[in-house]
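Please walk through this structure with the model open beside the text.

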2 protein chains.
Amino acid sequence: MKKAKRTEQDVPGEHRFTIRPMRETLVECVPNFSEGRDTAKIDAIAEAIRTAGAIILDRTSDPDHNRSVVTFAAPAGVVEEAAFRAVRQAVASIDLRLHSGGHPRIGAADVVPFIPLRGVRLEDCARLAERTGRRIWEELGVPVYLYEAAARRPECRNLADIRRGNFEGLREEVLTNPARRPDFGGPALHSSAGAVVVGARQFLIAFNVNLATSDVEIARRIARKVRFSSGGLPAVKAMGVLLASRNLAQVSMNLTDFERTPVDVAFEAVCAEAAREGVGVVSSELIGLIPKKALEMVAARYLKIEDFNASMVLENRLEERR
Amino acid sequence: MKKAKRTEQDVPGEHRFTIRPMRETLVECVPNFSEGRDTAKIDAIAEAIRTAGAIILDRTSDPDHNRSVVTFAAPAGVVEEAAFRAVRQAVASIDLRLHSGGHPRIGAADVVPFIPLRGVRLEDCARLAERTGRRIWEELGVPVYLYEAAARRPECRNLADIRRGNFEGLREEVLTNPARRPDFGGPALHSSAGAVVVGARQFLIAFNVNLATSDVEIARRIARKVRFSSGGLPAVKAMGVLLASRNLAQVSMNLTDFERTPVDVAFEAVCAEAAREGVGVVSSELIGLIPKKALEMVAARYLKIEDFNASMVLENRLEERR
């Protein structure tokens, strides 16, 4: 029975367990590009993001809309560089004068939102957006609008307002209407790359609830009841749509701040309105990703767990103690 | 507008983002020690675990029961070494002949369960338990029983059966009753350290539901309805208790396999039985930790998310892509 303490060096076993710092900040960036058909161009953009050191979480291209979305994450310093390189690559390879597709857009790199994930606040992301926007103008010569939490003017908070008229309309209007000028550069847009809308926002959860009816009017009435713009829940956008392939009406929601209106509250509101309409709820869909905190909130609230906190989750505790 | 690709080395920014392998196996170990009053002794045990390279997730000492529980996690190779060092430290410092306390126990290091967390199966943990058990006997001279998934005989699956008679009774009985002999070593127990029960089991969630009544009989009736042993839900143990300080009756549950009976199913069952009794459910309590998967299951099931999988959770996706 030896009692001599062994040191860390002589731990046997095939695996070594490295204690790693987990306190890095983490920012998400979800740039949209006006190219959804030429995979090689999006490959090059993704490669630019990767070589900057960011992690690509998701990537989708829509040939009809001729548009791609890349979702990536990295610490604050890296995310800025990766976003800039992605925009540079898009500006070099996408010509909006040759672009067609149904989705509103004003730029080759159309929208670049920064989203706080860990250890950063929305204001930090707004500052990050501002720096990246300035650099895009200074180094690439493409004008930039700042939107949402990074907006400098109320008329630029809303993305739809900035994009009104699309590339083709905006490049004319901007020359005569000072209210529509970019925040960096301009007034003239870049001839082939248009302008980039850069900003900061909270994580957005795309969450749809499927109803046991094909009557889209019911979904529309429910959407009007639950969405903020018509007197419903804060941070909830909603519309009623028909899922033609399944012949189901759907309440399609964007939850723009799940800490203000948790996912279960939005879900319950739709269920309650559906019940009033005499219609059942079949299922729900998550489009894209959901932060673990949003799911933890749902579970803890539903189970009525007293004094729930994230440290009660094994994996979170493990992260903290590393 | 430079187009030359930068390499990873020249990424600016205050933070560097290191791509790290996240595929390590992860095993939890929750050893129980027969010492809950002398903090220095438990400190030394915790230190032995830490210096082996494991991460301590939780630690509780109960002076009434004179018993401590340390929860730690590490990859397979490291967890074995950490468990062995913890037992060695306990054997060297705890004398059962001087021990008093209400909780059943037969060893200084009383029970050592290994629990699969990531990349290992229950069978792997059973083999790990066997190796650790053999080493405890060979190097420390303390006999070992293998229990639950590591048990070699049906009469040793259940911890309570192994501990029957406690240290004081078992050390006599083991000399005359071959059925009660240890799996490694013995038949005589170690004079001061008794024996160690080593095994493997699934993660256990301790989950209590508080009722809007002080009538403990109602909680007991509900417990009988929901627990497996009296015809209820698989992998659910339950009893009714009175929370004297709050004057609330509580259904106290151990969920021994949350994949077989998810937490929401157990919760719903208690709620339904409570409703039949005409009693409301006030809240629930989580004792110790819960794996994120258990919470994800609750949220996804409650929200009726179609084709939910863990990759839809942002942080999980990030882990996968690192």
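Apart from its neighbours within four places in sequence, Ile305(A) is in contact with Ala300(A) and, in chain B, with Ser284(B) and Leu286(B), in what is a predicted model. Ile305(A) sits in the loop between helix H8 (292-302) and helix H9 (314-321) of chain A. Is Ile305(A) buried or exposed? It counts as buried because 22 other C-beta atoms lie within 10 Å, where 20 or more are required. Arg127(A), by contrast, is 178 residues away along the chain, and its C-alpha atom is separated from that of Ile305(A) by 37 Å.

Elsewhere in chain A, two helices cross. The axes of helix H2 (residues 76-93) and helix H3 (residues 122-140) come within 10 Å and cross at roughly 35 degrees, and the crossing is right-handed. On the side of H2(A), the residues that take part include Ala83(A), Phe84(A) and Val87(A), while those of H3(A) include Leu128(A), Arg131(A) and Ile136(A). Taken by class, this contact has eight nonpolar, one polar and five charged residues.

Chain A also holds an open sheet of four strands, in the order E9-E10-E8-E11 and with antiparallel pairing. Strand E9 (236-243) and strand E11 (281-287) are its edge strands, each pairing on one side only, and neighbouring strands are turned against each other by 20 degrees on average, direction ignored. Within the sheet, strand E8 (residues 205-211) and strand E10 (residues 248-255) of chain A run antiparallel and are joined by six bridges, with Ile205(A) standing opposite Leu255(A) in E10(A). Helix H6 (residues 216-226) of chain A packs on the sheet, where it touches E8, E9 and E10, and its direction makes about 175 degrees with that of E9(A). Helix H7 (residues 263-276) of chain A lies across E8, E9, E10 and E11, running at about 25 degrees to E8(A).

Notes. Residues are numbered from 1 along each chain as its sequence is written. Chains are lettered from A and ligands numbered from 1 in the order in which they are written. This is a predicted model: local features need pLDDT of at least 70, side-chain atom pairs count only at pLDDT 80 or more; totals for chains, interfaces and linings use all residues. A residue is buried if 20 or more other C-beta atoms lie within 10 Å of its own, exposed if 12 or fewer, and partly exposed in between; C-beta atoms are placed from the backbone. Two residues are in contact if their C-beta atoms, placed from the backbone, lie within 7 Å. Axes are lines fitted to C-alpha atoms, for helices over the stretch in contact, and angles run from 0 to 180 degrees between N-to-C directions. A crossing is left-handed if the near helix is turned anticlockwise from the far one by less than a right angle, and right-handed if clockwise. Ala, Val, Leu, Ile, Met, Phe, Trp, Tyr, Cys and Pro count as nonpolar, Asp, Glu, Lys and Arg as charged, and the others, Gly among them, as polar. Two strands pair if DSSP finds at least two bridges between them.
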